[in-house]
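Let us walk through this structure step by step. Keep the sequence and the 3D view side by side.

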Amino acid sequence: SLVDMSPYKFNGSGGGGQQDHVAVVPMPDTYRGVHGDDVSAYVADAAVEIARLAGSEHGLAAFFAESFLGCGGQVDLPPKYLASVFEAARTAGGVCVADEVQVGFGRVGTHMWAFETHEVVPDIVTMGKPIGNGHPIGAVVTTREIADAFANGMEYFNTFGGNPVSCAVGLEVLAVIEDEGLRERAADTGDYLKRGLAELQDEYPLIGDVRGRGLFIGVELVHDRESKEPAARQATTLVNRMKERGVLLSTDGPDHNVIKIKPPLSFGRSDADKVLRDMRSVLSDPVLQSGSGGTGR
């Protein structure tokens, strides 16, 4: 059911396409989205799809969204968008689910949870990987009303659900984030890194956009800043050559041309300096600048 509602999956390799019971709204990407920076137009598009499902045989179940679009290409949702769409979904009878798997636990720097940057309170929050810092643990937080709705007499069973070892790990991770000031560190280092990336953008036309919050940053590569033609091959080449230098990055976004930067929260300014030095070295390669992108080694 999760694959069925994820265009990242069902429109990708091995996917079966969109099902009738699922609606997909355009990403409110103010850099290359269909409506540019017109937030009201993106909200209107979402309202149309919400109304379509609300009028279907089964009605609207839920609106799901990453609080900050990771697989969509490191897209920070514009102000008021999430609040407006949440309101439309609730009016239509649905619940609102915020996916914090990638962006929760202080990664955005200014707040513990990315949804807080939009001044909304979801009905359900999903979280995963960071809560265990490598230990396999995930969690769902919801309201008492929704939780009680599942208490219909049917037994819920999960072999590993609520095991004490994972709970101890999760609590310790929360303590470390708080005690070592990792959220504040993410804010400081992220701002520092973004300033350095903006300087690289001024030097290299291949960089079309730099965006993000805290230590969740995207660098979009384009062949031409006017047409915004995606430079996917160059993005892959840059990622691979950075790996040879000991820096792990990845590509993301529908066109696979966005460099995703999401290091551990212990990442500091000296680490950011290495990333910037190595990225400048890679971007200076004539092969990358020529437009061919090299072999992608």
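F105 is buried, because its relative accessible area is 3%; buried means under 20%, exposed over 50%, and partly exposed in between, with a 1.4 Å probe and protein chains only. The model is predicted, so local features need pLDDT of at least 70 and side-chain atom pairs count only at pLDDT 80 or more, while totals for chains, interfaces and linings use all residues. Residues are numbered from 1 along each chain as its sequence is written, and side-chain values use heavy atoms, with hydrogens and water left out.

F105 lies in the loop between β2 (95-99) and β3 (124-127). Helices (H or I, at least four residues) and strands (E, at least two) are DSSP runs, numbered from the N terminus. F105 has a positive phi of about 65°, although it is not a glycine. H256 is not a glycine either, and has a positive phi of about 55°. Find H256 in the loop between β7 (250-252) and β8.

Now look at the rings. The structure holds three aromatic pairs. Rings of Phe, Tyr and Trp (its six-membered ring) pair if their centres lie within 6.5 Å; planes under 30 degrees apart count as stacked, over 60 as edge-to-face and the rest as tilted. One of the pairs is F63 with F86, which is edge-to-face, at 6.2 Å centre to centre and 75° between the planes. This pair links distant parts of the chain: F63 sits in strand β1 (residues 62-66) and F86 in helix α3 (residues 81-91), 23 residues apart. Both F63 and F86 are buried. F105 and W113 have ring centres 4.7 Å apart and planes at 70°, so this pair is edge-to-face. W113 counts as buried because its relative accessibility is 19%.

A ring can also meet a charge. K228 lies over the face of Y31, at 4.4 Å from the ring centre. The cut-offs are NZ of Lys or CZ of Arg within 6 Å of the ring centre and within 35 degrees of the ring normal.

Y31 is also one of the residues that D209 touches, along with Q201, G218, V219 and E220, not counting residues up to four places away in sequence. Contact here means heavy atoms within 4.5 Å. D209 is in strand β5 (residues 207-213). Is D209 buried or exposed? D209 is buried, because its relative accessible area is 17%.

Next comes helix α8. α8 has 15 residues and reaches 21 Å from its first C-alpha to its last, close to the 21 Å expected; the expected span is 1.5 Å times one less than the number of residues. Its buried residues are A272, V275, L276, D278, M279, V282 and L283. An α-helix has 3.6 residues a turn, so residues three or four places apart point the same way.

M279 touches L197, L200, L238, M242, L249 and I261, not counting residues up to four places away in sequence.

Finish at S266, in the loop between β8 (258-261) and α8 (269-283). S266 counts as partly exposed because its relative accessibility is 49%. S266 and L182 are 84 residues apart in sequence and 6.6 Å apart in space, C-alpha to C-alpha.
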